[in-house]
Amino acid sequence: MYAVIKTGGKQYRVEVGNKLKVETLPVEVGSDIQLGEVLMVADGEVVSTGAPLLNQAKVSATVLGHGRHDKVRIFKMRRRKHYQKRQGHRQNYTEIQITGISA
């Protein structure tokens, strides 16, 4: 059984036991959360899709921690113009583990 969820503007295909890093969620470490934006649930041959969301479907998850991704380096340059710009960015994330899917 798997589901497709939407959180933080991105879509993820999740199964029970998966660990994934999503955009930062304002929750405490160790707490249980319900992800309500479920787009699709598949259980064997039975596939349920929403238009765009499934109303009764929920995905349960446990928050494992918060952190920051690796640095992404941005370098801009204009040739022959003596222009160089260096910049870095580290995106925050929340690591969650999927504990249950209910359709």
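**Figure 1. The β8–β9 hairpin and its turn.** Strands β8 and β9 make a hairpin with four residues between them, and Arg80 in the turn has a positive phi of about 65 degrees. This is a predicted model, where local features need pLDDT of at least 70, side-chain atom pairs count only at pLDDT 80 or more, and totals for chains, interfaces and linings use all residues. Residues are numbered from 1 along each chain as its sequence is written, and side-chain values use heavy atoms, with hydrogens and water left out. Strands here are DSSP runs of E with at least two residues, numbered from the N terminus. Look for Val72, whose bridge partner in β9 is His89.

Figure 2. Most residues other than glycine have a negative phi.

**Figure 3. Thr94, tucked into β10.** Thr94 belongs to strand β10 (residues 92-102). Its relative accessibility is 0%, so Thr94 counts as buried. Leaving aside residues up to four places away in sequence, Thr94 touches Leu20, Lys21, Val22, Glu23, Thr24, Leu25, Val63, Gly65 and His66 (contact means heavy atoms within 4.5 Å). With His66 there is also a side-chain to side-chain polar contact of 3.0 Å; that term means a pair of N or O atoms within 3.5 Å, where within protein one must be able to donate a hydrogen and the other to accept it, and residues adjacent in sequence count only if both atoms are side-chain atoms.

**Figure 4. An open four-stranded sheet.** The strand order is β2-β1-β5-β6, with antiparallel pairing. At the edges are β2 (10-15) and β6 (46-49), each pairing on one side only. Six bridges link β1 (residues 2-7) to β2, and Ile5 stands opposite Tyr12 in β2.

**Figure 5. A cis peptide bond at Pro52.** The bond from Ala51 to Pro52 is cis, with omega near 0 degrees. Pro52 lies in the loop between β6 and β7 (58-68).

Methods. Buried < 20%, exposed > 50% of the residue type's maximum accessible area, 1.4 Å probe, protein only. Pairing = 2+ DSSP bridges.
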